[in-house]
Amino acid sequence: MVSSDGLSASPPPPQAVSAKQFGVTKPISTAGPTEADTLRTLELEKLLVEAGLYESKGEAAKREEVLHRIGQIVKDWVKQLTQLRGYTDQMVQDANALIFTFGSYRLGVHGPGADIDTLCVGPSYVNREEDFFFVLHNILAEMEEVTELQPVPDAHVPVMRFKFDGISIDLLYASVSLLVVPEDLDISDVSLLYNIDEPTVRSLNGCRVADQILKLVPNVEHFCTTLRCLKFWAKRRGVYSNVTGFLGGVNWALLVARVCQLYPNAVPSMLVSRFFRVYTQWRWPNPVMLCAIEEDELGFNVWDPRKNPRDRTHHMPIITPAYPCMNSSYNVSKSTLRVMMEQFQQGNKISEEIELNKARWCALFEPYLFFESYKNYLQVDIVAVDADDLRAWKGWVESRLRQLTLMIERDTLEMLQCHPYPHEYVDTTKQCAHSAFFMGLQRKQGEKVQGQQFDIRGTVDEFKQSIEMYNFWKPGMEIYVSHVRRRQLPSYVFPDGCKRPRPSRAVALQHNNEVSPTGSGERLLKRKNDLGGGSPPKRLSNSPQPQDSISPEIMTHRAGSASPETFDKCFSLEVVDSNKKTLSGELEPGDATNSSVVTSVASMSSSEDAGFGSMTGSCEGNTKSVEGSSIGSNTASLCEADSESLSVNGGENGNLVQSGSQEGLELNAAFGMILNPSEGVRSEGVQKAVMRLGLTSMA
């Protein structure tokens, strides 16, 4: 296991990587750091320590102790089952189970309070359905150290979540085709995949992928520091969440590992800058791969858009390096990809200024001002009787929020864009347990259509029906979906409990000159003057803003003339001219509160007849039903990576280089991902003017 207890006072001397090629293409640059790069790396590491991203030695020791105790528990559990099933005394003595770690803990980039992703590997006669989720569950439930025990057997990757002595644990189980699990089991051995089902393959792949990543990067220490930095950045900018449709831990690890391969001798400060430079210019859906996709005689499906129609719907393929190779980012939608690309561009701009000593690292980690970035939001309120019910109910609803984004994209022909925000908010004034999530709404950028209505009543009804299929619904579990304008946002979404005052333009500009190290790096956020008269004030924003604004309006009756059910039937949006002071269908101030326009799941009697497994068996299946309607005309299209547009505006060894430089040409070559019908999926580094990715069906 890799542990990160802190940082040394001075970094080790840079060691040039040998001529060995890491990854599917030659590196873009093998240059090492300059003195300025080394100093910037020290400043970055100092910031990460001051931000509290490293756990103490005491907490690290406690995690090791917890893992040891869990390891002993599963060994005793398997021995108990072996004895109950009448095996010989020798078999009982040899019976064994092992605990492996993966995710951020295995990669050595976990922080204080982070959970530990763990995998239990057991013998063939100990199954997941009864032995793991029933027998082991009951053993854990009786232990005083175990709290918040939550089994999720029907998840895409079945998992049991709990806290052990205060440490959060996500425990998976894999039953392999062995009567006795040896202590020196090699989790990377492909033979472990014989005669097992796909949920078990997915469970094993977490550990297999983590091990492969560490083998495929040139410098593990530089990789870990860079990954820790970019995970911190992603959380600050609101793009860290796999379940919401952004990227999770393994996705960020794979993206960082690829940049490490392209710049094998770079130090973390250089790798952070190159990360943004590469991915602002990446031509999605060209896949990011650390190694060639391996096909094996075992017959498991691997990612291949030529053979698998579902793979053609993926917008941001990030391929896992262990067999069977899968797209780890199938949850990404067009809307969330758009948001991430905006954030990459923002990060690239600040990184360039840092390299020119025009900004400091703290500018990169400015929090994203989500509630100042849009004029209209969808608010999803989740309530339950108590905290235990809310934990289960919220987990179910949160796993379905991504589907709401996809449904809105589908039903509005992608004209209405959603920005789901992966942060949870709580209204502590409510007597019941409460949680809320928000989505920003805007018209598709560049579209000038006015007066167009986005009727999402059917969309919300469909979303509600999917929520109603929760098989463990209890009285008190409810969900409300409402439209709120920026001025109607509840106070609990703001850090100090109240909305920040809008400064005048002069004050904002003065603050920008005094505080922001990015100079002209931010634009001013405009808002219309709802009350009329005079020029509206402008406020400073640290977030990239859409070029075209939108004012989607909910067409409703007045609050005094309609019941909540009537409001539910009037859930539609209208795009109007944002410069107009009077809006068609707009509610007058005081006509209705935020909760007056809701869709409620107050009665869920039909949920007992719903099939829980049919909704959670495969997230990819749901993706197909939502996204599949738009792939027919796109399967023969080509994804082009034009070398003229893939210009590099960054720096080499701290010096800016112009477009068309050698590094720019090699960066274009690194994007050359080719799907060859006869040779399978491979990657070539060739310096051609245009690189094409053919997604035509071979059927």
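Me: When α7 and α9 cross, is the crossing left-handed or right-handed?

Reply: α7 passes α9 in a right-handed crossing, a term used when the near helix is turned clockwise from the far one, whereas left-handed means turned anticlockwise by less than a right angle. This is a predicted model, in which local features need pLDDT of at least 70 and side-chain atom pairs count only at pLDDT 80 or more, while totals for chains, interfaces and linings use all residues. Residues are numbered from 1 along each chain as its sequence is written, and side-chain values use heavy atoms, with hydrogens and water left out.

Me: At what angle do α7 and α9 pack, and how far apart are their axes?

Reply: Two packed helices are described by the angle between their axes and the distance between the axes. Here helix α7 (residues 220-236) and helix α9 (residues 268-280) pack at about 50°, with their axes 9 Å apart; each axis is a line fitted to C-alpha atoms, for helices over the stretch in contact, and angles run from 0 to 180 degrees between N-to-C directions. The two helices are therefore oblique to each other, given that angles under 35 degrees count as roughly parallel, over 145 as roughly antiparallel, 65 to 115 as roughly perpendicular and the rest as oblique. Helices (H or I, at least four residues) and strands (E, at least two) are DSSP runs numbered from the N terminus.

Me: Which residues of α7 meet which residues of α9?

Reply: From α7 come His222, Thr225, Thr226, Cys229, Leu230 and Trp233, and they meet Pro268, Leu271, Val272, Phe275 and Phe276 of α9, where contact means heavy atoms within 4.5 Å. By class, this contact has eight nonpolar, three polar and no charged residues, with Ala, Val, Leu, Ile, Met, Phe, Trp, Tyr, Cys and Pro taken as nonpolar, Asp, Glu, Lys and Arg as charged, and the others, Gly among them, as polar.

Me: How does α1 pack on α9, in terms of angle and distance between axes?

Reply: Helix α1 (residues 35-50) and α9 pack at an angle of about 90°, with their axes 7 Å apart, and that makes α1 roughly perpendicular to α9. Asp37, Arg40, Thr41 and Leu44 in α1 meet Pro268, Ser269, Met270 and Val272 in α9, a contact whose residues divide into four nonpolar, two polar and two charged.

Me: Where do the axes of α2 and α5 stand relative to each other?

Reply: The axes of helix α2 (residues 57-84) and helix α5 (residues 128-141) come within 11 Å and cross at roughly 120°, which makes α2 oblique to α5. The crossing of α2 past α5 is right-handed. Ile73, Val74, Trp77, Gln80 and Leu81 in α2 meet Asp131, Phe132, Val135, Leu136, Ile139 and Leu140 in α5, and this contact has nine nonpolar, one polar and one charged residues.

Me: Is Cys120 buried or exposed, and with which residues is Cys120 in contact, leaving aside its neighbours within four places in sequence?

Reply: Cys120, found in strand β2 (residues 116-122), is buried, with a relative accessible area of 0%; buried means under 20% relative accessible area, exposed over 50%, and partly exposed in between (1.4 Å probe, protein chains only). Leaving aside its neighbours within four places in sequence, Cys120 is in contact with Val74, Trp77, Ala97, Leu98, Ile99, Leu171, Leu172, Tyr173 and Ala174. Val74 and Trp77 also take part in the contact of α2 with α5. Cys120 and Gly71 lie 49 residues apart in sequence and 8.3 Å apart in space, C-alpha to C-alpha.

Me: How many salt bridges does a search of the whole structure find?

Reply: Side chains of opposite charge can pair when their charged atoms come close. The search finds 24 salt bridges, each a side-chain nitrogen of Lys or Arg within 4 Å of a carboxyl oxygen of Asp or Glu. One of them joins Glu129 and Arg128 (3.7 Å, N to O), where Glu129 is exposed at 54% relative accessible area and Arg128 is buried at 7%. Another joins Arg161 and Asp170 (3.6 Å, N to O), with Arg161 partly exposed at 36% and Asp170 buried at 15%. In the bridge between Asp455 and Arg457 (2.4 Å, N to O), Asp455 is partly exposed at 36% and Arg457 is partly exposed at 32%. Salt bridges that share partners also join Glu148, Lys163, Asp388 and Arg391 into one network.

Me: What does the secondary structure of the protein chain come to?

Reply: The protein chain has 18 helices and 20 strands, and buried residues make up 54% of its 699 residues. Among contacts between residues at least 6 apart in sequence, 75% join residues at least 24 apart.
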